[in-house]
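Please keep the 3D view open as you read.

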Amino acid sequence: MEQNSTTILNSTNKYNTSGFDRHPILSHCRDFELKSMEIFISVVLYSIVAVGGSLGNTLVLVVIRRTPNLQTACGVLIANLALADLLVTALAIPIVISLIIPGFVPICSLNASMLAAIIVGRCSCAASLLILSAMSIDRCWAIGYPFHHKTKMTSTKLKTVLLFIWLSSLILPILEVVFLRESLSSGVLVVKKLQRVGVLVSYFAIVTSALVTFITVRCSSSKIANLHNDGSHNRTLGELRERNKQIAKTIALVVIAFSICWVPIIYIGARFIDHYSLLHFWGVLPGFANSAVNPCIYFYRQKSYRQAFKALIRRS
């Protein structure tokens with residue numbers, strides 16, 4: 001009987017090695033365990049996302065770096081988004097996989113690897129969200145007020161915005177790790193509330209900007225269609241209308257993909273606070289997968305990226 005109790009205790013410790021007495025913040029993980037099949041499936045899926053996402057985001061960065069006409073304000077934002085996604089796929093996911101393989105529940109383990117994953121994962125996800133917000137607002141501004149955008153959006157202002165995004169993305173994850181290590185549950189709760197508020201505000205900015213962009217594109221397309229000028233001017237206006245439509249559709253796809261990937265886990269985390277379940281464990285996977293989806297959208301929607309990639313292949 002004593003041997004059976006010891007076996008059960010060791011099995012539990014295999015999955016939850018956090019030290020719940022030392023870290024009461026993680027008491028909601030106490031009864032959760034990973035089965036062998038869940039470990040196998042999750043490792044396979046995470047590995048696919050890590051490899052595919054790393055290749056895709058590296059490709060985006062290389063294409064933008066070697067193609068001068070893609071190094072616009074929007075291109076720089078896309079490059080930073082690819083960098084944030086690359087941090088997820090190349091750093092955060094491998095750390096999570098290294099925890100899952102021996103049977104540990106990642107978010108329920110407060111070892112050095114998990115703390116590193118929290119900082120890298122939270123920082124890169126926050127940066128992705130803020131960059132998506134900046135991209136949506138920038139495209140809305142560029143399409144609605146093109147001349148004003150061209151004169152006001154300087155490289156210095158863009159660098160300042162990006163510096164603010166990356167620094168602000170680091171603050172909350174570092175605070176969360178400090179509070180977790182010190183078992184300050186009130187501090188962790190404050191950080192999580194601030195993270196939820198930041199997600200909601202950013203998501204509102206993304207959706208609102210996308211809607212305004214759509215409305216602006218539809219209105220400008222109608223006006224352009226009603227103009228009757230010479231053939232060459234008509235051709236120019238038609239190209240402008242088509243370009244704006246492509247941009248609007250690309251932004252819409254990015255927003256839809258982000259919503260599908262992140263809204264479920266945001267809802268699960270807010271709705272089921274008192275216990276950790278399979279919903280939480282599997283809900284994180286689509287969020288990570290979003291980092292592998294974005295490069296596919298750019299190369300699928302943007303002809304300029306496909307052409308730049310083909311030119312890069314030919315040169316090499």
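## The enclosed space and its surroundings

Helix α9 gives the largest share of the lining of the largest cavity, three residues. Before going on, note that this is a predicted model, in which local features need pLDDT of at least 70 and side-chain atom pairs count only at pLDDT 80 or more, while totals for chains, interfaces and linings use all residues. Residues are numbered from 1 along each chain as its sequence is written, and side-chain values use heavy atoms, with hydrogens and water left out.

A search of the whole structure finds one cavity of 30 Å³ or more, and about 50 Å³ of space lies in the largest cavity. A cavity here is a set of points on a 1 Å grid over the protein atoms alone where a 1.4 Å probe fits but cannot get out, and lining residues have an atom within 4 Å of a point. The volume is the space filled by probe spheres set on the points.

Which residues line the largest cavity? They are D85, V88, C125, S128, F258, W262, G287, N290 and S291. By class, four are nonpolar, four polar and one charged (Ala, Val, Leu, Ile, Met, Phe, Trp, Tyr, Cys and Pro count as nonpolar, Asp, Glu, Lys and Arg as charged, and the others, Gly among them, as polar).

The protein has ten helices and zero strands; helices are DSSP runs (H or I, at least four residues) and strands are E runs of at least two, numbered from the N terminus. Of its 316 residues, 43% count as buried, meaning under 20% relative accessible area with a 1.4 Å probe and protein chains only.

Helix α9 also packs against α10 (residues 303–315), at an angle of about 90 degrees and with the axes 5 Å apart. That makes α9 roughly perpendicular to α10, a term for angles of 65 to 115 degrees. Y298, F299, Y300 and R301 in α9 meet K303, Y305, R306 and F309 in α10, where contact means heavy atoms within 4.5 Å. This contact has five nonpolar, no polar and three charged residues.

Finally, H149 sits in helix α5 (residues 146–152). Is H149 buried or exposed? H149 is buried because its relative accessible area is 10%. Neighbours within four places in sequence aside, H149 is in contact with D138, R139, W141 and A142.

How values were computed: On a 1 Å grid over the protein atoms alone, a cavity is a set of points where a 1.4 Å probe fits but cannot get out, and a pocket is an open set with protein on both sides within 12 Å along at least five of seven lines; lining residues have an atom within 4 Å of a point. Axes are lines fitted to C-alpha atoms, for helices over the stretch in contact, and angles run from 0 to 180 degrees between N-to-C directions. Angles under 35 degrees count as roughly parallel, over 145 as roughly antiparallel, 65 to 115 as roughly perpendicular and the rest as oblique. Buried means under 20% relative accessible area, exposed over 50%, partly exposed in between (1.4 Å probe, protein chains only).
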